[in-house]
There are 2 protein chains.
Amino acid sequence: MTTRATTTRYRVEAFHTPSPDRLVHLDDHVITVADGAIVSVQARRDDPEPVDVDLVGDHVVLPGFVDTHVHAPQWPQLGTGLDLPLEEWLGKHTFPLEARYVDLGFARTVWQDLVATLLAHGTTTAAYFATRHPEATVELGRVCAELGQRGLVGRVAMDHPEMTPPDLRDAGADEAVQLSAEVNLELDALGSLVTPVITPRFVPACTDALLSGLGELAAATGVRIQTHCSESDWEHEHVATRFGRSDTECLEVFGLLRQHTILAHGDHMADGDLRRAALAGAGVAHCPRSNMLFANAVFGVRRARELDLRVGLGTDIAGGDQPGVASQMSLAVAVSQMLEDGVDRSVSPGRRGRPGSRIGVVEAFFLATAGGADLVGLPVGVFEPGRRFDALAVRVEAGGTGRASSGLRFWDGVDDEPARRFDKVVRLAGPADLAHVWVDGVRRAGTAGSAAA
Amino acid sequence: MTTRATTTRYRVEAFHTPSPDRLVHLDDHVITVADGAIVSVQARRDDPEPVDVDLVGDHVVLPGFVDTHVHAPQWPQLGTGLDLPLEEWLGKHTFPLEARYVDLGFARTVWQDLVATLLAHGTTTAAYFATRHPEATVELGRVCAELGQRGLVGRVAMDHPEMTPPDLRDAGADEAVQLSAEVNLELDALGSLVTPVITPRFVPACTDALLSGLGELAAATGVRIQTHCSESDWEHEHVATRFGRSDTECLEVFGLLRQHTILAHGDHMADGDLRRAALAGAGVAHCPRSNMLFANAVFGVRRARELDLRVGLGTDIAGGDQPGVASQMSLAVAVSQMLEDGVDRSVSPGRRGRPGSRIGVVEAFFLATAGGADLVGLPVGVFEPGRRFDALAVRVEAGGTGRASSGLRFWDGVDDEPARRFDKVVRLAGPADLAHVWVDGVRRAGTAGSAAA
């Protein structure tokens, strides 16, 4: 059991990114948290009163990570079948597994394992596609509330008679909208950590009636939306053929492109699509690991940011095979470099890639924290008064003790500059390095006090 | 302290790949090991005598991983500076760090930390570029012998007056060859786990005299060679401009393209280069993580294998930011998919990538084990009589206990088929999942018996 003091004062060395290109190093600061909210962030010299938790010297504190795209029911298939073509992966493995969540006991076992594991990776907020089943979806919200993870949870609506398997198909558009509305109300009643999300799986799996019905539900209730958008050549072309317009345009027509709509992937969005989504206040859940396998292209994250699009990072469990957001950061940097450079040596260097595509580790960190928070529309991701205290304490040790299997340790004469320590922490820290994980001011996970290394 | 019984019998469920495209599942077998060598591998029903170690049921056993390319002195800079252009990364960070290994105490601290961490990741064999310094290089061999890792260790020879910093430059070609020869003899005396390697850093850093001198040393002594080859546009073009021939041809001219020569990266090798290297019995250390950042292209591993080239996997520490070979396997699959599909959505799908480039997870596993062993020329990587027993026991648990932060666990009805369990183990297992790591029949690392998770 954890207990919550009214006010807790943390003395920290911390990093955060209030804006995309600016890394802020809080070298010796006190963060005061009252009932889960940050009330002040001050230099230690300006705030010398006693603290409750002193982390300076052997820890680096970061905002918690926001995973903007997770398929919760795919958790048991993490790391399997990823060599398969997407259609086969879905039809042979994913859909049969998703159908099992009609069993609430199975669902609860999976959700507990999933949420606990993601918390251990420092995922303090996750946007979940649950399943078609209302009970299992509400249960996921309940597990988030119980284990203390900020969860955006959506019942997956899908009713297209040709594009969905019978046991995962809503009975019709009206019933599907009705079920989603009811689930949203139940999720809304689970407390401040749980946020309902209207979740059409993607355009190909939904009839026109369902898409417009969910758009109307969003307009009437103000509930956020998440869906997939232009993930692959196949999806992009499928929508273009059916509607004669892009996926993004189509979502707008159906009233689904709104403030904080989370568009998963977006790899094939053209500049016009990116502008349209930005204007609507929507954004993209960029999932680099998954996209390497399934997207047929790299999402141009730098271009999207130039067009003021909201962007966060996502694991796309289980299209991605890594449970944490941390590894998505260094992959986001790496795939942006690959987009810039190209991949095929037989093409001349000048024509091989798309110049101006690279992002750096600071921008990737912004996407994983403040950017993700901005995309999903929750007051986390930055250490400033008024935001909720979702944070990680990464244990760091000096000089070659050999304890950290991640390779994370600071060496004299090598890691003296703060920007370099930041670089190392962001690229290397794994769950074994996370001493504390706080959500809403309460410690929810972490290895401190255990022998785990 | 570990002690070695003359004979140890292990009862296992194991996987290995005696050939590149064939995954062999040993469902309930007994592996008998005498003085570090495998003497028999038999089905349990054919070998019912008592065993010493019974791992069936809660472990999956694999051959140990072979890391075919590691820069040992770069260990303290793991995960830093990777956004920089290669020249700046080398000049500002890498070379100043490498110069510190004149301090033997510093070297020993780093080597112990590095070797222990890699063993914890299941790297039972590593091919190391050490430093220019003879003492620090021999010390790395000594640490491998002490901690029980199979190490191929090379003194880095580099003497080019314009291409190397003064404090890392050999005094001249003759002295450099002489130093390398002496270090090789010292390494050779350290026991069966340590193998010397002749190591010209790469063609640009060496004078013609040094390259030919090292080629003669290899011919005279039969000592293996490792170097870089056609890593990036810059390196490839630099050699082409200096010699009017490809990096591969150039190495051949200098007598450096021999049986088991390890060519790191090779991303810009043309078909003719691949054929030439294959004919010589050389091969490529494919380093997918590093190449995503620095290589300007993806190594066409499938094409290379079609041309019968030896290929292993490498972390390229610290050009790559991950200590283990395991993550290189799934990245090798992913970057091959990116080469096949291309990266730039504005190019039409038919012209975007290079068809026929994809590899699967079985082939990636082959590269990490048997392929790497074949490349470096050591009798490991496959469970068959006559090979040394270098192996890993991955702890696996059934059904959602929430203990494994890697997400590695087996679910009823999901992971029933052996090929699927293999897939999951290969993609997800991290150091926390490795209960035992054996090298040469002796347990050297692993979390069994500790509370680490």
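Mentor: The largest cavity has a volume of about 1000 Å³. A cavity is, on a 1 Å grid over the protein atoms alone, a set of points where a 1.4 Å probe fits but cannot get out, and lining residues have an atom within 4 Å of a point. Grid points are joined across faces, edges and corners, and a volume is the space filled by probe spheres set on the points. Of the 49 lining residues of the largest cavity, A:His121, A:Gly430, A:Pro431, B:Gly430 and B:Pro431 are the closest to its centre. Two or more lining residues come from each of α11, β15 (391–395) and α14 (418–428) of chain A, and from each of α11 (326–341) and α14 (418–428) of chain B. Such helices (H or I, at least four residues) and strands (E, at least two) are DSSP runs, numbered from the N terminus. By class, the lining of the largest cavity holds 27 nonpolar, 16 polar and 6 charged residues. Here Ala, Val, Leu, Ile, Met, Phe, Trp, Tyr, Cys and Pro count as nonpolar, Asp, Glu, Lys and Arg as charged, and the others, Gly among them, as polar.

The model is predicted: local features need pLDDT of at least 70, side-chain atom pairs count only at pLDDT 80 or more, and totals for chains, interfaces and linings use all residues. Residues are numbered from 1 along each chain as its sequence is written, chains are lettered from A in the order in which they are written, and side-chain values use heavy atoms, with hydrogens and water left out.

In total there are 10 cavities of 30 Å³ or more. The lining of the second largest cavity divides into 6 nonpolar, 6 polar and 3 charged residues.

The largest pocket has a volume of about 690 Å³; a pocket is an open set with protein on both sides within 12 Å along at least five of seven lines. Among its 34 lining residues, B:Pro85, B:Leu86, B:Glu87, B:Ser232 and B:Phe294 lie nearest the centre. For this pocket, α1(B) gives the most, with 5 residues. The pocket lining consists of 13 nonpolar, 11 polar and 10 charged residues.
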